[in-house]
Amino acid sequence: LADERGLGGELTLSEDARAHLVRLAGGDARRALTALEAAADAASATEAKAIDLAIVESTVDKAAVRYDRDGDQHYDVISAFIKSIRGSDVDAALHYLARMIEAGEDPRFLARRLVVHASEDIGMADPTALQAAVAASHAVQFIGMPEGRLALAQATIHLATAPKSNAVITGIDAALSDVRAGLAGTVPPHLRDGHYAGAKKLGNAQGYRYPHNVPEGVLAQQYPPDELVGRDYYEPTQRGAERTLAERVPKLRRTIRGEK
């Protein structure tokens with residue numbers, strides 16, 4: 001408080017505020033100094049001459065997140081942020097976003113999490129969610145902060161209020177699981193590249209049927225390796241825009257597999 005390298009005596013600290021800082025720090029000097037710095041910033045912003053208990057209490061969340069940006073609280077808050085979006089609680093999501101912004105979290109990190117979440121928990125239930133998240137990421141890099149908070153907030157609201165589906169992540173993870181288990185047979189000959197010399201002699205691209213040559217644009221033809229014929233990975237939900245895919249995908253599979 002009095003040291004010229006610190007506040008230089010410009011502010012005083014009430015006894016109850018001091019006691020609260022001690023409890024907050026839990027014996028960690030860095031935590032105490034960070035909380036004190038946040039309280040001092042808040043006091044200076046209101047031209048107060050003293051840091052009282054109310055000021056310290058109002059800056060606890062900010063100080064905690066600023067101090068622990070690489071620790072448990074950092075991960076707790078980002079986890080709560082993502083789970084609030086997943087749970088469609090737009091107000092809680094905005095609260096956690098505000099806490100991280102106020103704590104000085106890297107906005108690019110927040111934007112990356114929104115992009116991941118758009119595919120992981122919304123996916124094809126609202127394909128525009130990914131576009132919104134990517135646009136927010138670009139906006140943050142283009143205009144910076146504090147204005148970038150608007151793009152982050154808009155994307156957060158979009159994602160939190162969008163219909164939810166995890167069919168994208170379950171689909172790709174199921175496919176990866178099969179590949180890692182060794183289910184990666186040879187590509188069917190008619191799908192292989194036929195543009196190089198000698199390809200025809202190997203039977204490559206022979207018998208390939210061009211879908212655009214039929215009115216429906218879809219025809220019976222084997223696409224996966226023999227070991228994976230009939231394997232379904234993408235299972236669309238009945239939510240949002242994915243509802244139409246839940247009707248279309250089974251029809252596509254029946255046509256492609258030559259089933260009636």
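Author: Helices are DSSP runs of H or I with at least four residues, strands are runs of E with at least two, and both are numbered from the N terminus. The model is predicted, so local features need pLDDT of at least 70 and side-chain atom pairs count only at pLDDT 80 or more, whereas totals for chains, interfaces and linings use all residues. Residues are numbered from 1 along each chain as its sequence is written, and side-chain values use heavy atoms, with hydrogens and water left out.

The phi of Ser88 is near 65°, a positive value in a residue other than glycine. Most residues other than glycine have a negative phi, and most peptide bonds are trans. Ser88 has a relative accessible area of 40% and is therefore partly exposed; with a 1.4 Å probe and protein chains only, buried means under 20%, exposed over 50%, and partly exposed in between.

His117, by contrast, counts as buried, because its relative accessibility is 1%. His117 has its place in helix 7 (residues 107-122), and, once neighbours within four places in sequence are left aside, it is in contact (heavy atoms within 4.5 Å) with Ile82, Ile85, Arg86, Ile122 and Leu159.

A further loop, the one between helix 8 (128-143) and helix 9 (148-161), holds Pro146. Pro146 is joined to Met145 by a cis peptide bond, with omega at about 10°.

As for the setting, the chain is divided into domain 1 (12-65), domain 2 (72-161) and domain 3 (185-257), with bounds that come from an automatic or database domain assignment. The C-alpha centres of domain 1 and domain 3 lie 63 Å apart, and the C-alpha atoms of the chain fill a box of roughly 85 × 35 × 35 Å along the principal axes. The secondary structure comes to eleven helices and two strands. The radius of gyration of the chain is 28 Å, well over the 18 Å that the globule rule gives for 260 residues, so the chain is more spread out than a compact globule; this radius is taken over C-alpha atoms, and the rule is 2.2 Å times the number of residues to the power 0.38. Buried residues make up 33% of the 260 residues in the chain.
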